[in-house]
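Here are my notes from a pass through this one.

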Amino acid sequence: MEILVAASIPRLPPFPQISKRNLKPARLQPLYCSRWSPFYATVDCRINASDKGKAIEWNIGESNRLSETPVSRSKLGGPSDVEVHQNHLKSIGTEKDERHNDIWKLFKEAQQNILYLNKQRLLAMEELDRVKNERNSLLDKVEQLEMKKEANIRRDKITISSELLLRIDSLVLNGVIGSTEACDLRRLVIDSRGSFTDDLYDIICKNDAEFLAELRHFSKKSKQNGFHIIHICTEMSPVVSVGSLASYITGLSRALQRKGNLVELKPCLQSQYACLNLDEVQGLREIEAEFYSYFNGHLHGNRIWTGFTYFSRSSLDYLVKSGKRPDVLHIHNWQTSIVGPLFWDVFVNQYNDMQGFEGTRILLTCQGFDSQCLEQPEKLALCGLDPYTLLRPDRMQDNNKSHLVNILKGGVVYSNKVIIMSSGLTEGRIISASGHGLEPTLAIHKEKLVTAPCGFDKSTWDPSCDDFLPQSYSADDMKGKSICKVALQRHLGLHEAASKILVGCIYSDILDVDLEELKTVVWMASRRGVQFIFMGSSLIPGMRRFQEEVKDENVRFVNEYDEELSHLIISGSDIMLCPSFDDPLLQVPLKAMKYGAAPVPVNYAGSRLRHFGDETFESTKFSQYFKYTFANMSLGQAIDEIENNPSQWNRRIKDAMEKDFSWDSESHVVMCTGKPGSGNISLAEAFLSWTGMN
């Protein structure tokens, strides 16, 4: 039976907020009133038949209840109170949603603003750091530029002097002035270096007449201060660099120049030097003048270049033609030893125009006696020498093969002094065991001998001003060395940590027996975290096998020599393994000490170090210092001292860095006169002392 119910719903106050989680969907029930059309409401209506005529209980949602009042309706034809309430609820919900959306929108905008401000703050901090780094970088560059400027000022003075001397050579060769006046003008340039050289710079580009007039103007009050030294050699760095001779000549020449002497190089350049780099010769130009050299019975024309000339005979002919009168002619090894006999037997004895050479002395440097050059005597006649007078025991006759002449022996006999390059061997051991057949000759000429260890050029090897390093450092401030180590590790892909012990090894040659001894040491140390870097040729016998056997994440190999990288390896290493302390080619032990790395022997038990630095009066301070610091220290002992006694290690390294074993060193050479107390002096001082001019 259909029951008609008249429900009177009074206007109610707004319902309290109902959580959406508590709302449950209800079925839409038709509700009929006596005069109204049925309408739908989401309500729960419960009617009991026994309660007819009473109020009806309405349950809306779960928390609201209608009061028990008779159901009524509003005005005739108007919306009911339920509809009004529903519309009110809808408006409240809509307003609430809009307010919620506005709040959420403001929150999101605030959040975005905070993120933007934080991002701008980070960018500002990064920009500040960048500006600070750029400022520090600019300060470093300014400091480096100032240092380079000072170096360039010194270099410019030498360059100006060289250009002036080349112009004087041109005047002589073109017949504008005589050899006597040329000598006076050269002496003027030598003595004026560092004083009015700048005043002469503007006259270099003038014509010959104006140039000569200006030069004569400055010649009235000249005074002798330095000496004129000419090298006749087969190589010199950086033009031709084949072996140890090139760096020796360049380094020694720079040291002598820094002492106020004029040094010239006259290379005897031969066709086998395909590596000749003419771009490194400044001011190279051909002189339009003719002169001839005698060879094989004929006079041969020579092209003259103001940067160099060639062959021993033509070098001496050039000296005569140009009017040069050097105080010292410095010849090297067997390749230019023939200059000695040529100078005394041909030019001085036979030429009448050799006036001014009375004070010239011949100095021979020998890197070793293992290469001496034996020739048939008749070949001496090709350059004007008399074979019969020279094939004698006291001249050039070989000590073992009497039918041949020994070119190096001729250099020893005809030189005023002989420098023997050796870092550990004394004069006595050289004469008795290392002369390679020249022992009798060396014993006879013992008074001439000078032993000198290898040096290095401190103008290019100094950690305080090394352009190849990311950060300079010195014995008083070692912070830069850690930066160099990390840069080296990064460059070669090693784990970057300044606290890691790093061992370097730069070699030109290394014995197979040393590699076998080294293999176990490297293998054990690398597994303790010690890092190793080896630089050198992989073609050395046994090297490829060694590389395979010690392969490890802490070991790196550079299979060719790289000059720039060698600076970084030595500066970044704590220890430098040295196949030999007598290293005339690479000079690693000396450079290692200067850069704060300990030079340690590859083979600690090797017999080659047994007699290094013997305590005799003729030992150099260099060899004595090595003997009591690094020569008797194994790699394992060095690593242990770094780890367990760092303060003692740091004192050892600082002391080594403060030593000076460059070519300028005042404790670099011992004069081997055979008499006690001859003393240690610099190679530059030794160079001049025996001439009688000191």
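Are phenylalanine 532 and phenylalanine 534 buried or exposed? Both of them are buried, taking buried as under 20% relative accessible area, exposed as over 50% and partly exposed as in between (1.4 Å probe, protein chains only).

1. Ground rules. This is a predicted model, where local features need pLDDT of at least 70 and side-chain atom pairs count only at pLDDT 80 or more, while totals for chains, interfaces and linings use all residues. Residues are numbered from 1 along each chain as its sequence is written, and side-chain values use heavy atoms, with hydrogens and water left out.

2. Overall picture. The protein has 20 helices and 24 strands; these are DSSP runs numbered from the N terminus, with helices being H or I of at least four residues and strands being E of at least two. Of the 694 residues in the protein, 46% are buried. Among contacts with a separation of 6 or more, 70% come from residues 24 or more positions apart, where contact means heavy atoms within 4.5 Å.

3. Aromatic pairs. Searching the whole structure turns up 8 of them. The rule is that rings of Phe, Tyr and Trp (its six-membered ring) pair if their centres lie within 6.5 Å, and planes under 30 degrees apart are stacked, over 60 edge-to-face and the rest tilted. Phenylalanine 343 and tryptophan 344 have ring centres 4.8 Å apart and planes at 85°, so that pair is edge-to-face. Phenylalanine 343 is buried at 1% relative accessibility, whereas tryptophan 344 is partly exposed at 23%. Phenylalanine 532 and phenylalanine 534, by contrast, are stacked, at 6.2 Å centre to centre with 10° between the planes. Ring pairs also tie Phe532, Phe534, Phe546 and Phe557 into a cluster.

4. A charge on a ring. Look at arginine 167: its charged end sits over the ring of phenylalanine 211, 4.4 Å from the centre. The test asks for NZ of Lys or CZ of Arg within 6 Å of the ring centre and within 35 degrees of the ring normal.

5. Helix α5. This helix covers residues 244-258, and its 15 residues reach 22 Å from first C-alpha to last, close to the 21 Å expected at 1.5 Å a residue; the expected span is 1.5 Å times one less than the number of residues. Since 12 of the 15 residues are buried, α5 is largely enclosed by the rest of the structure. The buried set includes Leu245, Tyr248, Ile249 and Leu256. Glutamine 257, also in α5, counts as buried at 18% relative accessibility. Its C-alpha lies 9.1 Å from that of glycine 226, 31 residues away in sequence. After α5 comes glycine 260, with a positive phi near 90°.

6. Helices α18 and α19. The axes of α18 (635-644) and α19 (646-658) come within 6 Å and cross at roughly 115°. Axes here are lines fitted to C-alpha atoms, for helices over the stretch in contact, with angles from 0 to 180 degrees between N-to-C directions. Residues making the contact include Ala638 and Ile642 of α18 and Trp649 and Arg652 of α19.

7. Asparagine 333 has a phi of about 55° and lies in the loop between β12 (328-332) and α7 (339-350). With 13% relative accessible area, asparagine 333 is buried. Cysteine 373 has a phi of about 70°, in the loop between β13 (361-366) and β14 (374-375).
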